Amino acid sequence: MKELFPALLNNKDSVYLDSAASSIKPKAVIDAINDYYLNYSCNIDRGVYKESISATNKCNESREMVAKYINAKKEEIVFTRGASNSLNMVAMMISETLNDGDEVITSELEHHSSFLPWLNVSKHKNIVLKFVELTSDAKITVENFKKVLTNKTKVVALTHVSNVLGYKTPIEEIIKLSHEVGAIVSIDGAQAIPHMKIDVKALDVDFYSFSLHKMCGPTGLGVLYGKKELLEKYNPVELGGEMNDEVSIDSVTYKAIPHKFETGTMPIASIFAVKPCIELLNSIGIDNIEKRSVYLRNLALKEMMKMDDIIVYNASEESSIIAFNIRGVHSHDAVSSLAEDNICIRAGHHCAEPLHKFLKLSSTLRASFYFYNDEEDVRKFIDGLNKTIEFFKEVGYIG
Ligand code: PLP
C-alpha cells in the first residue's frame, strides 16, 4: 500500500501517525494536480477556448463525484477552502436569520472550527449558546442532548467524530429530534468522512462540512454539503466575481446554487484531484479502510496498555486515534523526544481547548492511524515510546 504514497516512500525512516491532522496524498492525486498545471493552467467557467472548456468539464465531473460519494445532488455540493471555511459559511449564512432569544446547541467536544463561528455569532447577536452536557468520559449522548433541546432551538452544530478522542456522536437520533422542533443541523464531518460511509440523504442532515486533505485528497479544498432548499434560501456570505448573475451600481442578482456560494477563482488544481482521491477510497472500500486503521490502532493500544507510565484517555472507543499522555511528562517534551526517532504524532490541545479544559488536561498526545500504516509502524512507535519513557526516567521526570 505504501508504494501508492510518494511522501511515505521519500521519508522511509519516518513513522507517520498524524493522519487526523492530514492524510498522506497518493501519487494519483499529485498527478492530477500536475495535470492541471502542466496541461491547462487556465481559469474555468469563463473561457470559450478548448483548454478552459475541458478544465471546466473536469471540475464539473469532480463535483458530481463528491455528490455521488455522499449521496447528494450535484448542486448541493459547494466547494470551499476546507472544513473550517465551510463551517464558518454555515454560521454566517444562518446567523442573518436568527432573532433575539433563539438558541444554538453546540458542545465542549467541538474542534474550534465548529465552535468558534457560533461563539462569534453569539457575541454579535442576542442568541443563547447552549452546550450538551458531556458524560464524564466526554461523550455526547442523546439523553443529554434532549436536556438542552427546546422549542427555541434554531441550530444544532455538532461534530460527527471527535478529533481528539475519536468518539462518534449519535447524530442520526440527534438530527431526528432537532427536526421535530424545526432546528437546522450543521455537522462537522472532518474526522468522520475519512473513516465511514456518509449518506447525507439517509442522515437527513441539513449541512455537512469536510476537507479533502484528511481523506487522501488535496489541501485547500473543502466541501459544504447543504440541502438544496436551504442553499437556495440563504444569502451568500462572500461576494465578488463569478457568484453573481447581474450587477449594477445599486443591485446584484446571484447565480443559481452552488455557484452563488463560490466566489472568485476556485482552487482548480485541487478540484482536479478529487477524482483520483475518491477512486482510491472506493477501490479499497471505506469499511476496509476503517477496519485496517482500527486494527493497527488496537495493536498499538494493546502494547500501550501494558506500559505503567502511559495514560490512555479513549481506550474503550473503536477508533483510529489514541489520545494519551506519558505520566509526569509534558506532551510537548514527549512529542519532541519521539520526533528525534522520526515518530510523527501530535501534541497539544488539537484545536479543542474547551474539551481539554473539561478533561482538566493542559494537553494530550495523539497518535492517529490510517490504512497506509502497517505493523512495522506500530512496532517502531512502541519502541520509540519505550525509549522516550526510559529517557525521561533517566532525567528524573518519571519517578
Ligand atoms: N473539524 C475537525 C473535527 C477537525 O479535526 C478539523 C481539522 O483538524 C477541522 C474541523 C478543520 O479542518 P481544516 O483545517 O481542514 O479546515
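Modeller: Start with His 213: an N or O atom in its side chain is 2.7 Å from an oxygen atom of the ligand. That is a polar contact (a pair of N or O atoms within 3.5 Å). Gln 191 also places a polar side-chain atom 2.7 Å from a ligand oxygen. For Lys 214, the distance from a polar side-chain atom to a ligand oxygen is 2.6 Å. The protein covers 84% of the 390 Å² of accessible area that the ligand has on its own (Shrake-Rupley method, 1.4 Å probe).

A caution on the source: this is a predicted model, where local features need pLDDT of at least 70, side-chain atom pairs count only at pLDDT 80 or more, and totals for chains, interfaces and linings use all residues. Residues are numbered from 1 along each chain as its sequence is written, and side-chain values use heavy atoms, with hydrogens and water left out.

Now the shell. Residues around the ligand (a heavy atom within 4 Å) include Ala 83, Ser 84, His 111, Ser 113, Asn 163 and Asp 188. By class, the shell has two nonpolar, seven polar and two charged residues.

The ligand sits in the largest pocket (more than half of its atoms lie within 2 Å of the grid points). The volume of this pocket is about 300 Å³. Its lining has 22 residues; His 111, Asn 163, Gln 191, Lys 214 and Cys 351 lie nearest the centre. Helix H4 (83-95) and strand E14 (346-348) each supply at least two lining residues. The lining divides into eight nonpolar, 10 polar and four charged residues.

Methods
Polar contact = N/O pair within 3.5 Å; in protein donor to acceptor, adjacent residues only side chain to side chain. 1 Å grid on protein atoms, 1.4 Å probe; cavity = no way out; pocket = protein on both sides within 12 Å on 5 of 7 lines; lining within 4 Å. Nonpolar A, V, L, I, M, F, W, Y, C, P; charged D, E, K, R; others polar. Points joined across faces, edges and corners; volume = space filled by probe spheres on them. Helix = DSSP H or I, 4+ residues; strand = E, 2+ residues; numbered from the N terminus.
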